[in-house]
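This report is for a reader new to the structure shown below.

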Amino acid sequence: HRVMAGKDLLHFSDIDGEDLRNLVHLAGLLKEAQKSHFTHTLLAGKTLGMIFDKSSTRTRVSFEVGMLQLGGHALFLPGSQLQTGRGEPISDTAQVMSRYVDGVMIRTYRQADVEEFADCATVPVINGLTDEFHPCQLLADALTILEHKGRLEGITVAYVGDGNNLANSWLQIAPKLGMNIRVATPAGYGPLQAVVEEAKFHAVQSGTEVLVTTDPERAVANADVIYTDTWVSMGDEAEAEERLQRFAGYQVNAALCGLAKPDYVFMHCLPAHRGEEVAADIIDGSHSIIFDQAENRLHAQKAVLAATMADAGAFGEDL
Ligand code: CP
Ligand code: NVA
């Protein structure tokens, strides 16, 4: 489980399917251990710095609690209160932080900023969400689907809505885990073209399906998982009104879900907006697994932290 020791988690381009499966597996083991009140202090005495330039409930709480459960400590560092907020260069900040902490998690706007930080840091850097990607969420989602469906291979995920960070990360991870991914967005709101090309390349290798379309019905037809996310991500607030109009035909509601497999599950990374991207009867209905998904952020984040930050020898024979 130390295959990522000392490495960063910035996106999934540089991680292969085996390492991704290992991370999901480790998350499941850490979850089982926690449920039986067994503590793995894999990060005893270690510290994680958490820089937040955007709001967060799940990411902040799961990383902070996760560090505590692993025997370490987390520092909440709102970007506005760091000197970066007053213009200190990212490169200096990364080198200074590396002298204090054992890892850094960053939630910010530009993916390029997280990558610059990682280039200049000498400790692992974890992407806690950028405008482009949200890898930590997807690891939790994979664990959740595995628990509910018993497998990942051959599972078809229909992502409906905005071609945002979640859509990009879905395209990156699905082919590597043997899953089919279909993304339906309005024209002009699709995922990053380079990410679509990358997904198609990996899909050929794994024999999976990648479909990017403007037709939500085509995406959802016979799907195992229906996934959506907000139409107005953090940073998109100025476009809110226009977006609500453009996305009107993309709501996940009973009519759309009726096209999926009868035992489909509904997922949403949260926070959700009932009556916008999803109808209340779907997100609060019997197919919804949103709170299992949210819980699994904790277990998945612990896996990422342990895999990147634990010392050699920290993992016993049971892990
Ligand atoms: N899903 C997710 O990342 O939630 P937060 O914005 O609350 O961290
Ligand atoms: N796409 C959303 C996800 C929030 C967890 C955003 O970036 O705001």
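A158 stands opposite I226 of β8. The model is predicted: local features need pLDDT of at least 70, side-chain atom pairs count only at pLDDT 80 or more, and totals for chains, interfaces and linings use all residues. Residues are numbered from 1 along each chain as its sequence is written, while chains are lettered from A and ligands numbered from 1 in the order in which they are written.

Strand β5 (residues 156–160) runs parallel to β8, joined by 3 bridges; strands pair if DSSP finds at least two bridges between them. Strand β9 (residues 265–268) is also parallel to β8, with 4 bridges, and its F266 is the bridge partner of I226. Strands are DSSP runs (E, at least two residues) and helices are runs of H or I (at least four), numbered from the N terminus.

In β8 (residues 225–228), V225 and Y227 point one way, I226 and T228 the other, and all are buried (20 or more other C-beta atoms within 10 Å of the residue's own, with C-beta atoms placed from the backbone). In a regular strand the side chains alternate between the two faces of the sheet.

## Two domains

Domain 1 covers 17–133 + 297–309 and domain 2 covers 137–294, with bounds from an automatic or database domain assignment. Their C-alpha centres lie 25 Å apart.

## Around ligand 2

The residues around ligand 2 include N164, D229 and C269 (near means a C-beta atom, placed from the backbone, within 6 Å).

Technical notes:
A residue is buried if 20 or more other C-beta atoms lie within 10 Å of its own, exposed if 12 or fewer, and partly exposed in between; C-beta atoms are placed from the backbone.
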